[in-house]
Amino acid sequence: MSKDKKPDVMEKIVSLCKRRGFIFQSSEIYGGIGGFWDYGPYGVKMKRAIEALWWDYMVEQRSNVEGLDSTIISNPKVWAASGHLDKFGDLMTDCRECKSRHRVDQMEDPTTCPNCDSKDLTEPREFNLMMKTYVGPVSTEENVAYLRAETCQPIFVDFNQVRVSARQKLPFGIAQVGKAFRNEINPRNFIFRSREFTQMEMEFFCFAEDSMEWYGYWRDQRLAYYKDLLEFTDEDIRTEDHAPDALAHYAKAALDIEFKFPFGWGELEGIHHRGEWDMTRHQEFSGDNLEYFDQENNRKVTPTVVETSVGLDRTFLALLCKAYDEDTADTNKEGKAQDTRVVLRFPAIVAPIQVAVLPLSKKLAPQAEEVYKKVRKYFRSEMDLTGSIGKRYRRQDEIGTPYCITFDFESLEDNAVTIRNRDTMSQERVAIEDLRDYFEKAIDKQ
Ligand code: ATP
C-alpha cells in the first residue's frame, strides 16, 4: 500500500471529486466563479455526516451547550461592533507583470511575486473581506448589509435570548453551523480557502477566573474529537500556539489545530480565548445589557468567551487527503501489476455511503432490494447492479464505502450475505437478520 502524498495528489483528489460527484466548481457551464464550490450527491451526504457528527459531539451529548441557527444577514451594526467593518482585511499586493494578486502575510518574500518572480509589485493595500449586499428595493448606502464573515457574531448578539429561553447558567456554550462569506483575495487549494464556506463554531461563556481552565478543556475535547472520531493521528494534526505578540489585542491565548495537507500544514480549527471583548463591544454598540448576574456571588459580570471554530469544508478536505490511497500491491496470476486500486479510506462514520448492496446477478435484484431497503433505514446505503462484481467493488472503493454486501444465489437458501471489508478486503458471511447489529457495531464508534 502506498502512502504517496506528493503535491500532485491534490490534482488526483480534485479530479476524483469531480468525476464521482463529490465536489465541483460552482456554475461551471459558465466558466465557474473563483472560490465557490458545489457539493454533489456523495459530497453532500458526507458533508452532512461531518456536520451531524460535530453537532452530536458538541451539542447533543452535552447539557451545557445549546444550538442556534441565525440568519446570514443581520443588522450591519453587528459588524461594526465586531470590528469587521474597520479592520477585517488583509494587506494585498498586485503583480504588475502577471496580474496575479497576493496576500502579503502569505508571501515568503513580500517583494517578489510568488507566481512569476517579478519584483514589480504594487504598494500593499488594505482589502476588506466582508461581502456587501443591499436589503430593500434600492441600492443606497443606508440599505447596505453584509453577509456574515463568521458564524460566531450572531451567537454573541443572541446571548441573552438563548440563555433566558434555555434557562442556562454560566458556564455554558452556544453552537452554530452555517455559511460564512469572505471576499478572499486568493482563494486556493481547492476547498481549503474559498469565498463561501461553512463554519462550525461554539462560543463558551464562562467566568474570567475559570476561563483558562475551560480553554484547556476545549482544546483537549477538540483534539479527542479529531483522534477518536475522525481517526487523525499525531502525524496528521498538531497544535500551534499563537505567539503572545501575534495574539489579537483582547485575547489571552489562542491556538490553531493544524492538519498536514499535501500542500503543507494548514489551519483546521482555532481555539480562541476571546476575553470579554465581543460581549463588551456588543453591549457598547447596542446599548443592551449583556451582563450576567451571578447569584451565588451576588455580582454582575460580563461573560468571558472561549471559542472553538472549525471549517467544515477544511475538515472535508482533511478527510479526503488522509483517506486517499492507491493500492498497487495487487498482482494478477502472471505476477503483473493490475491497474491501480484507488481507495478512499474514510472512517465509516463519515463515509458518504456506508453500505453498498451488490447482487451477484441481475436476477437477484428483487431479493437484494429487500436487503437494501432494510439497511438503508439505518445506514447511508446504495444498491449497484451494473458491471462485474469486481468493477462494482472498485467503484465503491473509490468513493470510500467501507462495507459491500454481496447477495448471491446461496443467499436465497441460507438468508445470509457476504460482507466485504474495504480495507482488509476480507469477506465474511453474515445472516441478513443480523445486518443491523453487525453494522451498528462496525460503524458507530461513539
Ligand atoms: P486563515 O488564516 O486560514 O484565513 P482564519 O484564521 O482567518 O483562517 P478564522 O477566522 O479563525 O480563520 O475561522 C475559523 C475557521 O474557519 C478556520 O480555522 C477555517 O477552518 C475556516 N475558514 C476560515 N476562512 C476560510 C475560507 N476562506 N475557506 C474555508 N474555510 C475557512
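**Where the domains meet**

Trainee: How many salt bridges are there between domain 1 and domain 2?

Mentor: Two salt bridges are counted between domain 1 and domain 2. The term stands for a side-chain nitrogen of Lys or Arg within 4 Å of a carboxyl oxygen of Asp or Glu. Take Arg19, which forms a salt bridge with Glu398: their closest N and O atoms are 2.4 Å apart. Before we go on, keep in mind that this is a predicted model, where local features need pLDDT of at least 70 and side-chain atom pairs count only at pLDDT 80 or more, while totals for chains, interfaces and linings use all residues. Residues are numbered from 1 along each chain as its sequence is written, and side-chain values use heavy atoms, with hydrogens and water left out.

Trainee: Which residues belong to domain 1 and which to domain 2?

Mentor: Domain bounds are taken from an automatic or database domain assignment. Here domain 1 covers 9–83 + 146–320, and domain 2 covers 353–445. Their C-alpha centres lie 37 Å apart.

Trainee: How many residues of each domain are in contact?

Mentor: Contact means heavy atoms within 4.5 Å. By that rule, eight residues of domain 1 touch seven residues of domain 2. There is also a buried area, meaning the accessible area (1.4 Å probe) that two parts lose on being put together, summed over both. Between these domains the buried area is about 770 Å², and carbon and sulfur atoms give 52% of that. On the domain 1 side, Arg20, Tyr42 and Lys45 supply 55% of the area buried against domain 2, more than any other three residues.

Trainee: How many residue pairs are in polar contact there?

Mentor: A polar contact is a pair of N or O atoms within 3.5 Å; within protein, one must be able to donate a hydrogen and the other to accept it, and residues adjacent in sequence count only if both atoms are side-chain atoms. Four residue pairs between domain 1 and domain 2 qualify, both residues being at pLDDT 80 or more. On the domain 1 side, the elements giving two or more residues are α1 (8–19) and α2 (41–60), and α2 gives the most, with three residues.

**Reading the sheets**

Trainee: In what order do the seven strands of the open sheet run?

Mentor: Helices (H or I, at least four residues) and strands (E, at least two) are DSSP runs, numbered from the N terminus. Two strands pair if DSSP finds at least two bridges between them. The order here is β3-β9-β10-β16-β13-β12-β11, with mixed pairing. At the edges sit β3 (65–68) and β11 (237–241), each pairing on one side only. For a parallel example, look at β3 and β9 (172–181), which are joined by four bridges; Glu66 has Ile174 in β9 as its bridge partner.

Trainee: At what angle does helix α7 run to β13?

Mentor: Axes are lines fitted to C-alpha atoms, for helices over the stretch in contact, and angles run from 0 to 180 degrees between N-to-C directions. Helix α7 (211–229) runs at about 150° to β13 and lies across several strands, including β3 and β11. Helix α9 (312–323) also packs on the sheet, its direction making about 35° with that of β12.

**Backbone details**

Trainee: Which residues are joined by a cis peptide bond?

Mentor: Most residues other than glycine have a negative phi, and most peptide bonds are trans. In this model Leu170 and Pro171 are joined by a cis bond, with omega about 0°. Pro171 is in the loop between α6 (159–165) and β9. Ser27 has a positive phi, near 45°, and is found in the loop between β1 (23–25) and β2 (37–39).
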